[in-house]
Structure formats: structure tokens, C-alpha cells
Amino acid sequence: VGWSYEQRGVVATVETGTPNHTAWQRFLPNGPLALLPARSGYSNIVWSTSPDQARQLERMSSAEFAIAVNSALGSSESAPTAPLTAAIQGWLPGAAPAAPFQ
């Protein structure tokens, strides 16, 4: 017994251009995107979206993913003041670039 929400969560740890001390969340048509401060200049991304968009995000390079996140977060007046670096150093060791949930 269960429910299908037709969503997946893309989870990543990224480095921001400047230290991020504030949690940010955007409510997008396909689901929310959160930028959560971690430590030492890193933040965690949790992007809930459609399975199709999740697959697209998973196939992106680090730089393309940074652009997609910045674009999604930057389409609001309340966009973070610490956007992702133009070229993320890559996924951190041991961190999967995407993790589906149901």
C-alpha cells in the first residue's frame, strides 16, 4: 500500500560563492527547491521535482547544475545573496548527485 506523488528528490552538497548562513526555499511549479547551509562554505540542495526533470538534473555536469539552481533561485526578489559558484567542485565524495524518494 502506498501513494505515488510523481515526484523525486534531487539531493546534493555544493560549495557556495560566499558562506551561506540562511536556509532558502523556492516553491516552483514542479515542487520546492531548498538551499540549506551546512558548514565550511558548503550547502545542501534538496530539489523536489517531477521524475523527468530529476533525470535531466542528474545528467547535468556540476557547472550546468549550478546554473540550473542559480536560475531557479534567482527568479525571485528574495533570491539568496550567496549563489552557487559558477563551477561547483563536483559532488562531494560519498554524496550521490541524486536520491529518489517515493
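Where is the place of Ser 40? Ser 40 lies in the loop between β3 and β4. The legends below take up this loop and other parts of the predicted model.

**View 1. Overall layout of the predicted chain.** The model is predicted. The protein chain holds two helices and four strands. Along the sequence, the pattern reads β-β-β-β-α-α. Buried residues account for 33% of the 102 residues. Among contacts between residues at least 6 apart in sequence, 61% link residues at least 24 apart.

**View 2. The four-stranded sheet.** The strands form an open sheet in the order β1-β4-β3-β2, with antiparallel pairing. Strands β1 and β2 (24–28) sit at the edges, and each pairs on one side only. Neighbouring strands are turned by 10° against each other on average, direction ignored. Helix α2 packs on this sheet and touches β1, β2, β3 and β4. The direction of α2 makes about 75° with that of β4. Strands of a sheet pair through backbone hydrogen bonds, either parallel or antiparallel.

**View 3. The hairpin of β2 and β3.** Two residues lie between β2 and β3 in this hairpin. The two strands run antiparallel and are joined by five bridges. Which residue of β3 is the bridge partner of Arg 26? The partner is Leu 33. Both residues return in the view of Ala 72, where Arg 26 and Leu 33 are among the residues that Ala 72 touches.

View 4. Strand β3 (residues 31–37) pairs with strand β4 (residues 42–49) in the antiparallel sense, over five bridges. Ala 34 has Val 46 of β4 as its bridge partner. Pro 37 stands opposite Ser 43 in β4. Four residues lie between the strands of this hairpin. Ser 40 takes a positive phi near 55° here, although Ser 40 is a residue other than glycine. Is Ser 40 buried or exposed? Ser 40 counts as exposed, because its relative accessibility is 66% and the cut-off for exposed is over 50%.

View 5. Glu 6 is found in the segment before β1. Its phi is positive, at about 55°, although Glu 6 is not a glycine. Glu 6 has a relative accessibility of 55%, so Glu 6 counts as exposed.

**View 6. Arg 8 and its polar contact.** Arg 8 is in strand β1 (residues 8–15). Which side chain does the side chain of Arg 8 join in a polar contact? The side chain of Glu 58 does, at 2.3 Å. Arg 8 counts as buried because its relative accessibility is 15%, and buried means under 20%.

View 7. Ala 72 is found in helix α2 (residues 62–73). Its relative accessible area is 11%, so Ala 72 is buried. Leaving aside residues up to four places away in sequence, Ala 72 touches Arg 26, Leu 28, Leu 33 and Trp 47. Arg 26 is 46 residues from Ala 72 along the chain.

**View 8. The largest nonpolar core.** This core has 14 residues. Which of them touch the most other members? They are Val 10, Leu 33, Ile 45, Trp 47, Leu 57, Phe 65 and Val 69. The elements β1, β3, β4, α1 and α2 each give two or more residues to the core. Helix α2 gives the most, with five residues. Leu 33 and Trp 47, named here, are also among the residues that Ala 72 touches.

**View 9. Confidence along the chain.** The protein chain has a mean pLDDT of 75, and 72% of its residues reach 70 or more. Confidence is highest in helix α1 (residues 51–59), at a mean of 93, and lowest in α2, at 84. Over residues 86–102 the pLDDT is below 50. Beyond near neighbours in sequence, this stretch has 33 contacts in the model. Where pLDDT is low, the predicted coordinates should not be read in detail.

Terms used. Residues are numbered from 1 along each chain as its sequence is written. This is a predicted model: local features need pLDDT of at least 70, side-chain atom pairs count only at pLDDT 80 or more; totals for chains, interfaces and linings use all residues. Side-chain values use heavy atoms; hydrogens and water are left out. Buried means under 20% relative accessible area, exposed over 50%, partly exposed in between (1.4 Å probe, protein chains only). Contact means heavy atoms within 4.5 Å. A polar contact is a pair of N or O atoms within 3.5 Å; within protein, one must be able to donate a hydrogen and the other to accept it, and residues adjacent in sequence count only if both atoms are side-chain atoms. Two strands pair if DSSP finds at least two bridges between them. Axes are lines fitted to C-alpha atoms, for helices over the stretch in contact, and angles run from 0 to 180 degrees between N-to-C directions. pLDDT is the predictor's confidence in each residue, from 0 to 100. A nonpolar core is a set of buried Ala, Val, Leu, Ile, Met, Phe, Trp, Tyr and Cys residues joined through side-chain atoms within 4.5 Å.
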